[in-house]
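Subject: Model handover

Hello,

Please find the sequence and the structure below. My notes follow.

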Amino acid sequence: MENAEVVVNYGLLALLPTLLAIGLALKTKNIIVSLFTSVFVGVTIINGWNPALGFTSMVKDYMFGSLKESMNTQALFMMVIIGGFVALLTQSGGAMAFTDMVTRHVDSRKKCETGMWLGGLAVWFTDNGNSLIVGPIFEALGERLRVSREKFSYILDCTTSPICSMVPIIGWGVYAMSLIETELVDAGITNVTSWEVFTEGIPLNFYAVLTLGMAGFMAFTQWDFGPMLKAQNRAFSTGKTIRDGGTPMRSEVKRIELPEGVDPKISTMVIPLIVLLTVMFTYLSMKGLWYTKVAGTDIRTAIASGFLLGTIVLIFLCIKRNIFSFEKCLSIITGGMANMMFMCVVLVLAWSLSGVTKAMDTAGYLMRISEGMLNPALLPAIVFIIGAVMSLATGTSWGTMAILIPISLPMAINFGVSLPLIASAVISGGLYGDHVSPISDTTILASIGSASDHIDHFETQMPYATLVAVICAVMFGIAGWYSSSILIFVGAAILIGAIFILHKISVKKYGQEEIVN
């Protein structure tokens, strides 16, 4: 962003755009109005409180500016292509045939939600594409078995950034290791590599491990609590998987009607997906997926190429099996692309707000007001807490890492604190906001993938994510004195106990509609 180069101390005002976005989102339940207003207010402050300059600068420097980033334009193109593929795949009847078959074996919400979780784990190579790949496949099944959209979006969100943050060969790992490598070189450390710091810290990435584990645990046990239990009860008792008045982030998938004499076939879905995955992994393998670092551009190229070729194969199958004509296929595809426009607008506004927070140095302000609190043994916990607050306010884990790693790693080196532990504390803190903030792109994409109301997703997920974050703060506090990968089991035990207690309290308040088999 052009204005991001100007360094001005905005003080407490640096927090205003983000707090305004979150507050308006909760009050109005309209994410576009909330984001637009917060961006406009932030840019107006940057331009000396001149609303005329603020408006034009918002469009030129922040909205258009966000599209200067090739990563962002690639992401928008990728989302539109995926939208077209998903629409045709759904209307072709393949997904319907799949859910019909699976439902013979998956006959409860518990099994359905567990399948959603396992599906998310399988798509470990992309945080942005995960929800859009897994979500539509399970949507019809979740609808039939009365899985609330809130729970659906929570499971999808848990299997995006958390799993990607533990994989060193994709964009997440490459980015983190590049930041770590810079600090190691500057400190003259040659006996430890950034790869070792990152990989040794994986068991200490408490937020990622506990979040992934909790999502699977909640699916299997159905021990929901708080607003999530209320949403699950509504879905089971009334069949309303989304609340009355809720606005799904994309059009809902209804049971489709095929032309007379055409029976839905699972292969109509399976064959394009096989082509899609084959193209993706073939390309990524050519780029060294299994033995070297793969650039984010190559990952996005692989995903877009896979979906494009998968779409072509799907069109061929639809025509060959007399499901749709070529013209009808194109009509459905363009309709699916149009459904993605809402998401594209939200993403551009979210990127614009990210630019505003950078220009106002929101992360730096948070760092400055936390100075004087640091102690070597408490450093991991403090770094995690600062990272969690920062990422919640900015909606970005990568921005949080970019600020905290250059600050926390030199301190860890000087204090003799474990580098893998500190690196994991930064990553975990960044993950919290990336996972739960309503302005985070992965949070938005989880709402899109599940066709959930975005604010409902945020409000029901927040208690779950914050419970994990509180336990992580305790674990990093302990790790400052005793750093061991065995601590993850201690954290898991505490988490299960807390879930059990909160579930019992919530059942007394809301009841529980479903008898889990």
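**Ser424**

Ser424 is buried, with a relative accessible area of 3% (buried means under 20% relative accessible area, exposed over 50%, partly exposed in between, with a 1.4 Å probe and protein chains only). This is a predicted model, in which local features need pLDDT of at least 70 and side-chain atom pairs count only at pLDDT 80 or more, while totals for chains, interfaces and linings use all residues. Residues are numbered from 1 along each chain as its sequence is written, and side-chain values use heavy atoms, with hydrogens and water left out.

Ser424 sits in helix H21 (residues 419-436); helices here are DSSP runs of H or I with at least four residues, numbered from the N terminus. Its side chain reaches the backbone oxygen of Gly201 at 2.6 Å. With neighbours within four places in sequence left aside, Ser424 is in contact with Gly201, Ile202, Leu204, Asn205 and Phe476 (contact means heavy atoms within 4.5 Å).

**H8 and H22**

Two packed helices are described by the angle between their axes and the distance between the axes. For helix H8 (residues 149-158) and helix H22 (residues 441-450), the angle is about 130 degrees and the axes are 8 Å apart. The axes are lines fitted to C-alpha atoms over the stretch in contact, and angles run from 0 to 180 degrees between N-to-C directions. H8 and H22 are therefore oblique to each other; angles under 35 degrees count as roughly parallel, over 145 as roughly antiparallel, 65 to 115 as roughly perpendicular and the rest as oblique.

On the H8 side, Arg149, Phe152, Ser153, Leu156 and Asp157 take part, and they meet Thr442, Thr443, Ala446, Ser447, Gly449 and Ser450 in H22. By class, this contact has three nonpolar, six polar and two charged residues (Ala, Val, Leu, Ile, Met, Phe, Trp, Tyr, Cys and Pro count as nonpolar, Asp, Glu, Lys and Arg as charged, and the others, Gly among them, as polar). H8 is mostly covered, with ten of its ten residues buried.

**Asp456**

Asp456 lies in helix H23 (residues 454-479) and counts as buried at 5% relative accessibility. Not counting residues up to four places away in sequence, Asp456 touches Glu150 and Arg243. Glu150 is one of the buried residues in H8. Asp456 and Gln232 are 224 residues apart in sequence and 12 Å apart in space, C-alpha to C-alpha.

Regards

Notes: Helices (H or I, at least four residues) and strands (E, at least two) are DSSP runs, numbered from the N terminus. A polar contact is a pair of N or O atoms within 3.5 Å; within protein, one must be able to donate a hydrogen and the other to accept it, and residues adjacent in sequence count only if both atoms are side-chain atoms.
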